Amino acid sequence: MDAIHSKSEFVYGQVRRALRSGRYAPGQRIDPATIAAEFNTSPTPVRFALYRLVGEALLVDHARGGLHVPLLTEVAMRDLYDWMERLLLMACDIGVSGVARKMEPLEVTSAGDDLVKLTWQLFDAIARATAHGSLHHAVKQANDRLAPIRRAAQGLLEHSFKELSELNRHWQARDMPALKSALHDYHECRKKLVPCIVALLSEGSDYLR
């Protein structure tokens with residue numbers, strides 16, 4: 001049982017990272033047999049790992065249709081962006097604890113950087129700096145759910161590097177009023193693009209084929 005748990009934990013971490021990196025696109029089917037073959041393991045720990053991700057809303061179970069990366073409706077995607085914004089604004093209102101003094105500064109140097117990964121790291125840092133575990137956990141969950149959406153929607157955004165640089169500059173300066181304003185603008189921009197993002201993701205979805 002310990003071996004199954006250990007293998008399941010490993011598979012869980014690998015698939016979670018793959019989802020966050022955009023390896024699996026929203027709407028894509030996740031085949032347990034393929035995952036088991038990739039990690040040279042039996043189906044049992046893979047099922048444990050994948051259904052743990054279902055419980056975290058990072059995968060969805062379509063019963064006979066199998067497991068898929070969530071493909072959100074316009075309403076659900078808008079709600080998720082709004083939830084992330086509210087969590088981050090709450091973090092700004094709580095402020096920075098002493099823990100943040102030990103945090104490494106985030107570097108956003110060029111448009112060639114992995115902006116999706118850096119966005120995840122910045123939002124995580126803002127929440128982690130409050131030292132409120134429940135808030136940080138909620139931001140991590142929303143961050144993970146948004147990561148593949150951010151990856152897929154990159155081509156729709158013209159000024160993402162400038163946006164992220166501005167957010168990071170306000171965060172490094174601990175200018176919370178400016179950061180809150182920039183976070184609001186960041187999320188409003190994406191909420192306006194929701195119909196385009198949903199249409200783009202729907203076109204490439206395995207589940208709709």
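A cavity, on a 1 Å grid over the protein atoms alone, is a set of points where a 1.4 Å probe fits but cannot get out, and a lining residue has an atom within 4 Å of a point. I start there, as cavities were my first search.

**Ground rules.** I am working on a predicted model, so I take local features only at pLDDT of at least 70 and side-chain atom pairs only at pLDDT 80 or more, while totals for chains, interfaces and linings use all residues. I number residues from 1 along each chain as its sequence is written, and side-chain values use heavy atoms, with hydrogens and water left out.

**Cavity.** I searched the whole structure and got 1 cavity of 30 Å³ or more. The largest cavity has a volume of about 100 Å³, a volume being the space filled by probe spheres set on the grid points, which are joined across faces, edges and corners. Its lining includes Leu19, Pro26, Ala57 and Leu58, then Val69, Pro70 and Leu72, and also Asp144, Arg145, Pro148 and Ile149. H6 gives the largest share of that lining, 4 residues. I name helices (H or I, at least four residues) and strands (E, at least two) as DSSP runs, numbered from the N terminus.

**Pocket.** Next I looked at pockets, a pocket being an open set of points with protein on both sides within 12 Å along at least five of seven lines. The largest pocket holds about 350 Å³ of space. I find 22 residues lining the largest pocket, and the closest to its centre are Leu106, Lys117, Trp120, Gln121 and Leu122. H1, H5, H6 and helix H7 (160-172) each give two or more residues to this lining. The largest share, 8 residues, comes from H5.

**Helix H1.** H1 runs over residues 2-21, 20 residues in total, and I get 29 Å from its first C-alpha to its last, close to the 28 Å expected at 1.5 Å a residue. The expected span is 1.5 Å times one less than the number of residues. I list its buried residues as Ser8, Val11, Tyr12, Gly13, Val15, Arg16, Ala18 and Leu19. Buried means under 20% relative accessible area, exposed over 50%, and partly exposed in between, with a 1.4 Å probe and protein chains only. What do the buried residues of H1 pack against? They pack against helix H2 (32-38), helix H3 (43-55) and helix H6 (133-152). Just after H1, Gly22 takes a positive phi of about 90°.

**Aromatic pairs.** I count 2 aromatic pairs in the structure. For a pair, the ring centres of Phe, Tyr or Trp (its six-membered ring) lie within 6.5 Å; planes under 30 degrees apart count as stacked, over 60 as edge-to-face, and the rest as tilted. Phe10 and Phe39 have ring centres 5.5 Å apart and planes at 90°, so I log the pair as edge-to-face. Phe10 sits in helix H1 and Phe39 in the loop between H2 and H3, 29 residues apart, so to speak a link between distant parts of the chain. Phe10 is partly exposed at 40% relative accessible area, whereas Phe39 is buried at 13%. Phe123 and Tyr186 form an edge-to-face pair too, 5.5 Å centre to centre with 85° between the planes. Phe123 lies in helix H5 (residues 115-128) and Tyr186 in helix H8 (residues 176-192), so this pair ties together parts 63 residues apart in sequence. My criterion is NZ of Lys or CZ of Arg within 6 Å of the ring centre and within 35 degrees of the ring normal. Arg52 lies over the face of Tyr12, 3.6 Å from the ring centre. Arg174 lies over the face of Trp171, at 4.0 Å from the ring centre.

**Positive phi.** Most residues other than glycine have a negative phi, which is why I checked for exceptions. Asn40, not a glycine, has a positive phi of about 55°. I place Asn40 in the loop between H2 and H3, where its relative accessible area of 70% makes it exposed. Ala63 is not a glycine either and has a positive phi of about 55°. Ala63 is in the loop between strand E2 (60-61) and strand E3 (67-68), and is exposed at 60%.

**Two single residues.** Is His136 buried or exposed? His136, in helix H6, has 16% relative accessibility and so counts as buried. Leaving aside neighbours within four places in sequence, His136 is in contact (heavy atoms within 4.5 Å) with Asp124, Ala127 and Arg128. Tyr51 is in helix H3 and is partly exposed at 41%. With neighbours within four places set aside, Tyr51 is in contact with Asp61 and Leu67. I also checked Tyr51 against Tyr24, 27 residues apart along the chain, and their C-alpha atoms are separated by 16 Å.
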